[in-house]
Amino acid sequence: MPIPSVCGSWPRYQAAVTGLRRAGLAFACCIATLPAGASPGSPSSCSSEGHRPPNGLVDRFINADCADCWTRQPALRAGPRAVALDWIVPGTQQEDAPLSAAASRDALLRLQTLNLSAPSTLSSAAQASLPVAGWILRVAHGQALGGYIGASIELRMPGPTAPPVKAWLALVETLPAGTEGSPVRRNLVRNVLIPAWDGQETLSNQNRLRFYESRPMSIPAGARPERLRVVGWVEDAKGRIRAIAQTQCTSDGERW
């Protein structure tokens, strides 16, 4: 897969920090002008607002050593209302692995969370969402800027106390079927944010607890910004998914 990696150096590090600061400021301005009830139709920002949430999550793992695994039919496909994520697991061949450019250590973390071992070829796991009454999950992202894209995840729930929760926000590149020979449409995971929500959030004006995190997320080399979006979900202390949301950009025909 033509997704080259970039080796770092001190000048590049300084440039990356500068880009991060600029992207963070730009995203802060974007979010400041997009209240929770705003329409996601603007091409400068996309959110899950007003869209039916997925009812399940399918995690599909591909070992980077497996040259033809990308072109194989996955063992599990997402249903019409579920969302599938495609993770490339680092292989034993390291940088020489055929799919190494798209491999991520986030895939290993996700496998660990699901109590799964790294596959030698392919593996999958599926979970249904178990919604909790009163829990509202919202995700959003802005435009790509300087190699970064601003993204946010927000969970609101009835007060006055919050149960332990773990949130995931995945930056994915949505690839149509046929990309690099893939037989199915894929949501290739490009970056992951796991907010540090400790349950110490305060009540909002609506007497609801509010968890919120916004960050500029780096875009790996080779990813096409117009295909990027975010998928977020929240798990309870037992690892059960209690809410899922994904951004849709209805004003741009190539992004949804």
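This is a predicted model: local features need pLDDT of at least 70, side-chain atom pairs count only at pLDDT 80 or more; totals for chains, interfaces and linings use all residues.
Reader: With which side chain does the side chain of glutamate 154 make a polar contact of 2.8 Å?

Author: A polar contact is a pair of N or O atoms within 3.5 Å; within protein, one must be able to donate a hydrogen and the other to accept it, and residues adjacent in sequence count only if both atoms are side-chain atoms. Here the partner is the side chain of arginine 156, at 2.8 Å. The side chain of arginine 210 also joins that of glutamate 154 in a polar contact of 2.8 Å.

Reader: Is glutamate 154 buried or exposed?

Author: Buried means under 20% relative accessible area, exposed over 50%, and partly exposed in between (1.4 Å probe, protein chains only). Glutamate 154 has a relative accessible area of 7%, so this residue is buried. It lies in strand β6, residues 148-158; strands (E, at least two residues) are DSSP runs, numbered from the N terminus.

Reader: How many salt bridges does the whole structure hold?

Author: Side chains of opposite charge can pair when their charged atoms come close. The criterion for a salt bridge is a side-chain nitrogen of Lys or Arg within 4 Å of a carboxyl oxygen of Asp or Glu. The search finds 13 of them. In one, the closest N and O atoms of arginine 186 and aspartate 86 are 2.8 Å apart. Because arginine 186 lies in strand β8 (residues 186-193) and aspartate 86 in strand β3 (residues 83-89), the pair ties together parts 100 residues apart in sequence. Both of these residues are buried.

Reader: Which residue forms a salt bridge with aspartate 68?

Author: Arginine 72 does, with the closest N and O atoms 3.2 Å apart. Arginine 72 counts as partly exposed, at 34% relative accessibility, and aspartate 68 is partly exposed at 39%.

Methods. Residues are numbered from 1 along each chain as its sequence is written. Side-chain values use heavy atoms; hydrogens and water are left out. Helices (H or I, at least four residues) and strands (E, at least two) are DSSP runs, numbered from the N terminus.
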